[in-house]
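Here is a short walk through one structure. Keep the 3D view open while reading.

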Amino acid sequence: MIDQSTGPAAEQWDAAVAAVRALGGDAEIQLVCHVSPDGDALGSMLGFALGLRRLGFTRVRATFPGEFRVPTPYAQLPGVAMLVPEQAAYRAPALVLVFDVAGESRLGGLAAQVAAAPVSVVLDHHASNTGFGTIQLVDPHAAATSVLAEELVTRLGVRLDAEIAECFYVALATDTGSFKFDLTTVAVHELAARLIATGLRPGDISRRIFDSRPFGAMKLTGEVLGRAVLDPAAAGGRGLVWTYATLADLARHEQPPYVLDTLIDPVRSVAEADVSVLVKQVAEGEWAVSLRSKGAVDVSRLAISQGGGGHRLAAGFTGHGEPGDLVDRVRRLLDDYLI
Ligand code: 5GP
Ligand code: MN
């Protein structure tokens, strides 16, 4: 695992800059982010892709593994025209850049292509990052991957414009929970200020990405929250709250899976519980388990023990069986990962 208490070393930054500068303008550059991409994955990747275009690179493609579906809130991001399905990714790019990916398991069918690339630069901020790739720009203290992406484009001599800034702002706003989480430092607000100064309208962006959803998604949220269970004795008495959502729930309300991405937020607001769990069905018998803690439990280490990963207070893994059994397993593990 990466140990980067002070962020990427100067040599790593220099190596990443040199890797880009070594390329001719017509070199094929492939950008990749994680499966089921969120605002940080897409925003950091597309902002960087636009930066490469500004530098004169003409062959830039961005992709992610799995079904080629861009969550509606991110479908209008600048640079989205550079997004292609994984099948259309460059076969043998001169350079691969990887965004917001903690480990190769999050790259699905693209893992082999990334591993085969002559140079792969990994920009990430997960505590559970496995250290894959040839050049690592990994900082677990960064609030978002876009913090690293912005630093790299700036080091490459790109001047921020409103399109690049919108991508990085969306990434920063989503991964900080609208500038609420612990990693929202002075430097984060200074970066936000630089991005807004390009002419962004934060109110419009927030409405689009946080405060706009279909009626069916709202009804679905109501049902999923309605079946939440509180277990005050769990985590050494710090409390656990959990609920689940099935593919049938999504189908009944005619909603795509991404509407479940932010459903953990109302669950984790429960005052009586430190730990919150949302179990989301991804296939028959297969579930994505989202974990959050307010500080009592290192859910990243818990998730790693189950084959997943994430951040200390926000992590996840894929599990099999029934939601209740998965939560029982999490409940038993909580005591092992108390902070
Ligand atoms: P979420 O619960 O919002 O899906 O994910 C929370 C955090 O945990 C994110 O940083 C995400 O990258 C990470 N995460 C979620 N599920 C997995 C997983 O199955 N594997 C890994 N390595 N990380 C995950
Ligand atoms: Mn992220």
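Donors are N, O and S atoms within 2.8 Å of the metal; water is not among the atoms, so sites may look incomplete. With that in hand, start at the metal. The model is a predicted one. In sequence, the donor residues of the manganese ion (ligand 2) follow the spacing D-x59-D-x24-H-x49-D. They are D40 (OD), D100 (OD), H125 (NE2) and D175 (OD), at 2.2 to 2.3 Å. Distant parts of the chain are linked here: D40 and H125 lie 85 residues apart. D40 belongs to helix α2 (residues 39-54). H125 sits in the loop between β4 (120-124) and β5 (135-138). Are these two buried or exposed? Both D40 and H125 are buried.

Next comes the sheet. Five strands make up an open sheet, in the order β2-β1-β3-β4-β5, with parallel pairing. Why is one side of β2 (59-63) and of β5 left without a neighbour in the sheet? These strands stand at the edges and each has a single partner strand, so one side has no neighbour there. On average, neighbouring strands of this sheet are turned by 15 degrees against each other, direction ignored.

Strand β1 (residues 28-33) and strand β3 (residues 95-99) run parallel and are joined by five bridges. L31 has L97 in β3 as its bridge partner. Helix α2 packs on this sheet and touches β1, β2 and β3. Its direction makes about 165 degrees with that of β1. Helix α4 (residues 145-155) packs on the sheet as well, touching β3, β4 and β5. The direction of α4 makes about 130 degrees with that of β4.

Now move along the chain to helix α8 (residues 215-226). At 1.5 Å a residue, its 12 residues should span 16 Å; the end C-alpha atoms are 17 Å apart, which agrees. The buried residues of α8 are G216, A217, L220, T221 and V224. Seen down the axis of α8, they fall within an arc of 140 degrees, so they line one face of the helix. On the other side of α8, F215 and G226 are exposed.

What covers the buried residues of α8? The cover includes β7 (240-245), α10 (247-252) and β8 (275-283). β7 is itself mostly covered, with five of its six residues buried. Strand β6 (residues 229-231) pairs with β7 in the antiparallel sense, over three bridges. There, V229 has W242 of β7 as its bridge partner. With β8, β7 pairs in the parallel sense over six bridges. T243 stands opposite L278 in β8.

How values were computed: Residues numbered from 1 in each chain as written. Chains lettered and ligands numbered in written order. Predicted model: local features only at pLDDT ≥ 70, side-chain atom pairs only at ≥ 80, totals over all residues. Heavy atoms only, no water. Helix = DSSP H or I, 4+ residues; strand = E, 2+ residues; numbered from the N terminus. Expected span 1.5 Å × (residues − 1). Buried < 20%, exposed > 50% of the residue type's maximum accessible area, 1.4 Å probe, protein only. Arc of directions from axis to C-beta. Contact = heavy atoms within 4.5 Å. Donors = N, O, S within 2.8 Å, 3.2 Å for Na, K, Ca; no water. Pairing = 2+ DSSP bridges. Axes fitted to C-alpha atoms, helices over the stretch in contact; angles between N-to-C directions.
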